[in-house]
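Please open the model in your viewer and keep the selection tool at hand.

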Amino acid sequence: MARIQAARHVIDPIFLDTPLYRCEALEAALGCSVSIKLESVNPVRSFKARGTELVASQLADRGERAVVCASAGNLGQALAWSGRGRGLDVAVVTARSAPAAKLERIRAFGASVELVDGDFDMARERAVAVARDRRIRLVEDSLDVETCEGAATIGLELVDTGPAFDAVLIALGGGALATGVGHVVKARAPEVEVICIQPLGAPAMTRSWRERRVVTTDSTDTIADGVAGRRPIAAVLDDLLLVADDAVLVREESIITGMRLLLDHAGLVVEPSAALGVAAILEDRDRFAGRHVVTILCGSNVDMDAYHRWVGIR
Ligand SMILES: Cc1ncc(COP(=O)(O)O)c(C=O)c1O
């Protein structure tokens, strides 16, 4: 907790103290009290810079010049932003299929992008090789504790500044967001239910949490590219087992309906991963009825053509 509190003094304030508000306009559609924690209104349009600010400042303090990460897109964009401000040469390895909007922004912040055939987990393998060959620091999202501590600052803002709430809905990918926020919530407000959400088409970490051992899958099939991993990291699962009360899987149709509801009732464009919380409420209204639920809207980097197709704008 002390390190997470200290992180607030390292992270650029532009990423901190993000809006947290009751979104009454969504409540009729969802049947419960809903608060939004909005993590998409910043220069990288996701929460990931909270972690990369810590990583990049440590590297700069040590006089290091270069860093590499594998990314589904948002970590890479965030590391590119944080590295640029500190004179770091940032290399990002990503799947060729990553959204063009994410790749474009990574390059715009001055990082190099290496595309691999395959998915995020193949990009992870390639990034390990790049770090070894170039003898530079590899940032491993969710495994490197700074990525979790950065995300955990969201948890501090939830418990310190928000009204009381009953549950927090957290998109689950590698697990930095869920373990970070979950750690703070369980330390400071243990009665609050910590619920992680993944798509049915990318269920590896959820299955691992349920079986209390790492379960991998052969492929993923979801529009929620930010959470589409096949190979959970054992150490992250250990942490998740300590802080998560539940992990649920949602259908693609619910993710799309969630994105549409957030546009129509909250005026917010979000990427699919950020609609997982709303999707979870849609699929289990009885569970949440009469309760106050916080959902973290964790990113809005989305290819607009795809977005328009999903939400039905012509
Ligand atoms: C928008 C968005 N939501 C959720 C996640 C999942 O976060 P984590 O990998 O920390 O579990 C990511 C990961 O990059 C993301 O970009």
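The domain bounds used on this tour come from an automatic or database domain assignment. The model itself is predicted.

**The two domains**

Begin by colouring the protein chain by domain. Domain 1 consists of residues 2–46 together with 145–311, and domain 2 covers 49–139. The C-alpha centres of domain 1 and domain 2 are 22 Å apart. Their contact draws on 33 residues from domain 1 and 27 residues from domain 2.

**The interface**

Which residues of domain 1 lose the most area to domain 2? Select Val44, Glu146 and Arg231, which together account for 25% of what the domain 1 side buries.

Now turn to the polar and charged pairs. For a salt bridge to inspect at close range, select arginine 50 and glutamate 157: their closest N and O atoms are 2.7 Å apart.

Then select helix H7, residues 145–161. Helix H7 supplies 8 residues, the largest share of the side of domain 1 that touches domain 2. By class, that side of domain 1 has 13 nonpolar, 8 polar and 12 charged residues.

**The ligand**

The ligand is surrounded by 16 residues, of which the closest are Lys48, Asn74, Gly173, Gly175 and Leu177. Select asparagine 74 among them: a polar side-chain atom of this residue lies 2.7 Å from an oxygen atom of the ligand.

At glycine 174, a polar backbone atom is 2.9 Å from an oxygen atom of the ligand. At alanine 176, a polar backbone atom is 3.1 Å from an oxygen atom of the ligand.

**Two loop residues**

For the last stop, show the backbone of two loops. Where does aspartate 17 lie? Aspartate 17 is found in the loop between helix H1 (2–7) and strand S1 (20–22), and has a positive phi of about 50° although it is not a glycine. Finally, select arginine 45, in the loop between strand S2 (33–38) and helix H3 (49–61). Arginine 45 is likewise not a glycine, yet has a positive phi of about 55°.

Note on methods. Residues numbered from 1 in each chain as written. Predicted model: local features only at pLDDT ≥ 70, side-chain atom pairs only at ≥ 80, totals over all residues. Heavy atoms only, no water. Contact = heavy atoms within 4.5 Å. Buried area = accessible area lost by both parts, 1.4 Å probe. Salt bridge = Lys/Arg side-chain N within 4 Å of Asp/Glu carboxyl O. Helix = DSSP H or I, 4+ residues; strand = E, 2+ residues; numbered from the N terminus. Nonpolar A, V, L, I, M, F, W, Y, C, P; charged D, E, K, R; others polar. Near = heavy atom within 4 Å. Polar contact = N/O pair within 3.5 Å; in protein donor to acceptor, adjacent residues only side chain to side chain.
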